[in-house]
Amino acid sequence: MNETAFPWRVTDVRDLPGDSAFLLDNGRITILCDTGYAFTGARVAQNIRRVLGDRPLDYIFLTHSHYDHAAGSPYIRGAYPGVTVAAGAYAAGIFAKPTARAVMRDLDRKCAAAHGIFDYEDQIDALSADLALSDGDEIPGTGFCAVSLPGHTRCSFGFYDAENRFLISPETLGVLYGDNTYIPAYLVGYRMTLDAFARAKTFDIGTMLLPHRGLVDGIRAAEFLRCSEQAARDTADYFLGLMRQGLSDDAILARYTDAVYTDDVQKTYPPDAFRLNSSIMIALVRREVFSAADNR
């Protein structure tokens, strides 16, 4: 097989390190992968304009429904009215729920306040998807197909370009901090996440776009998948060992925080979000692994 140059230019258009918004451009089509917070949405749109100039933005791909990935999309749509927003059907349903939008609004405002931002236009009620994707759907004209990879959320999707061996990864497959700190993010299912890793490894992957990070830098995609999966398993084993010692979930959270919430992680992972997500992972392991083992 003849090797061809990787055609996608990937530009970090985030406004803050905790955002997740990356612009893909192959000279023919432009795609924004995730859109970041609502309170940074207008500035992300400005960053895109600086890169594209007068060129259009063709697609927004949303990997899942969390506010730090999806809430900025109405602001981007305002700047690029012709853009098509693509997300999993489950996520599209979440966006339509007033209660879900209210939760996103509350979380976004709290995060904005933590950054000293209190005055911004609230457009979260305009959040929607034009393409409600199912697993395996092809996104017209892009070369990407949608890949359901639940585990971080039930609505988590990746996007795979087979011709260029390129996977846009959701947080189900973990996040890389610094050079070699892999943090798992299973919030709805630990076993589900292991299944997602197994599926991801069936694809021929040469390059990955990682959430909150960008293109995997200086490390092969296969190594990322291997290390990130091992981190997911090791973290569950760590929790399980402490549970067998009789530690409470709060005590396990404190130990885990001391062990992994390093300077590299703190740069892009807000402390409230880290504690909340870690507590959810601990509860999942207690329910799916610890309690299941006791019942055997």
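**Figure 1. Salt bridge between Asp122 and Arg105.** The side chains of Asp122 and Arg105 meet in a salt bridge, with 2.4 Å from N to O; a salt bridge here is a side-chain nitrogen of Lys or Arg within 4 Å of a carboxyl oxygen of Asp or Glu. Asp122 lies in the loop between H5 and strand S6 (131-133), and Arg105 in helix H5, so the pair ties together parts that are 17 residues apart in sequence. Helices (H or I, at least four residues) and strands (E, at least two) are DSSP runs, numbered from the N terminus. Asp122 is partly exposed, with a relative accessible area of 32%, whereas Arg105 counts as buried at 16% relative accessibility. Buried means under 20% relative accessible area, exposed over 50%, and partly exposed in between (1.4 Å probe, protein chains only). A network of salt bridges links Arg101, Arg105, Arg109, Asp122 and Asp125. The model is predicted: local features need pLDDT of at least 70, side-chain atom pairs count only at pLDDT 80 or more, and totals for chains, interfaces and linings use all residues. Residues are numbered from 1 along each chain as its sequence is written, and side-chain values use heavy atoms, with hydrogens and water left out.

**Figure 2. Salt bridge between Arg43 and Asp15.** The structure holds 16 salt bridges. In the one between Arg43 and Asp15, the closest N and O atoms are 2.8 Å apart. This pair links distant parts of the chain, 28 residues apart: Arg43 belongs to helix H1 (residues 41-52), and Asp15 to the loop between strand S1 (9-12) and strand S2 (22-25). Arg43 counts as partly exposed at 29% relative accessibility, and Asp15 is partly exposed with a relative accessible area of 27%.

**Figure 3. Salt bridge between Arg55 and Asp25.** The closest N and O atoms of the salt bridge between Arg55 and Asp25 are 2.6 Å apart. Distant parts of the chain, 30 residues apart, are linked by this pair, with Arg55 in the loop between H1 and strand S4 (59-61) and Asp25 in strand S2. Arg55 is partly exposed, at a relative accessible area of 32%, while Asp25 counts as buried at 11% relative accessibility.

**Figure 4. The largest pocket and its lining.** The largest pocket has a volume of about 980 Å³. Of the 40 residues that line this pocket, His66, Tyr67, Leu107, Leu276 and Asn277 are the closest to its centre. On a 1 Å grid over the protein atoms alone, a cavity is a set of points where a 1.4 Å probe fits but cannot get out, and a pocket is an open set with protein on both sides within 12 Å along at least five of seven lines; lining residues have an atom within 4 Å of a point. Grid points are joined across faces, edges and corners, and a volume is the space filled by probe spheres set on the points. At least two lining residues come from each of helix H2 (67-70), helix H4 (89-95), helix H5 (98-114), strand S10 (175-177) and helix H10 (271-294). H5 supplies the largest share, seven residues. By class, the lining has 24 nonpolar, 11 polar and five charged residues; Ala, Val, Leu, Ile, Met, Phe, Trp, Tyr, Cys and Pro count as nonpolar, Asp, Glu, Lys and Arg as charged, and the others, Gly among them, as polar.

**Figure 5. The open sheet of five strands.** The strand order is S7-S8-S9-S12-S13, with mixed pairing. Strand S7 (144-148) and strand S13 (214-215) stand at the edges, each with a single partner strand, so one side of each has no neighbour in the sheet. Two strands pair if DSSP finds at least two bridges between them. S7 pairs with strand S8 (residues 157-161) in the antiparallel sense over five bridges, and Asp161 in S8 is the bridge partner of Phe144. Strand S12 (residues 207-210) and S13 are also antiparallel, paired over two bridges, with Leu209 opposite Leu215 in S13. Four of the five residues of S7 are buried, so this strand is largely enclosed by the rest of the structure.

**Figure 6. The largest nonpolar core.** Of the 48 residues in this core, Leu173, Tyr186, Met208, Leu225 and Phe239 touch the most other members. Elements giving two or more residues to the core include S7, strand S11 (181-183), helix H6 (190-200) and helix H8 (249-260). The largest share, 11 residues, comes from H7. A nonpolar core is a set of buried Ala, Val, Leu, Ile, Met, Phe, Trp, Tyr and Cys residues joined through side-chain atoms within 4.5 Å.
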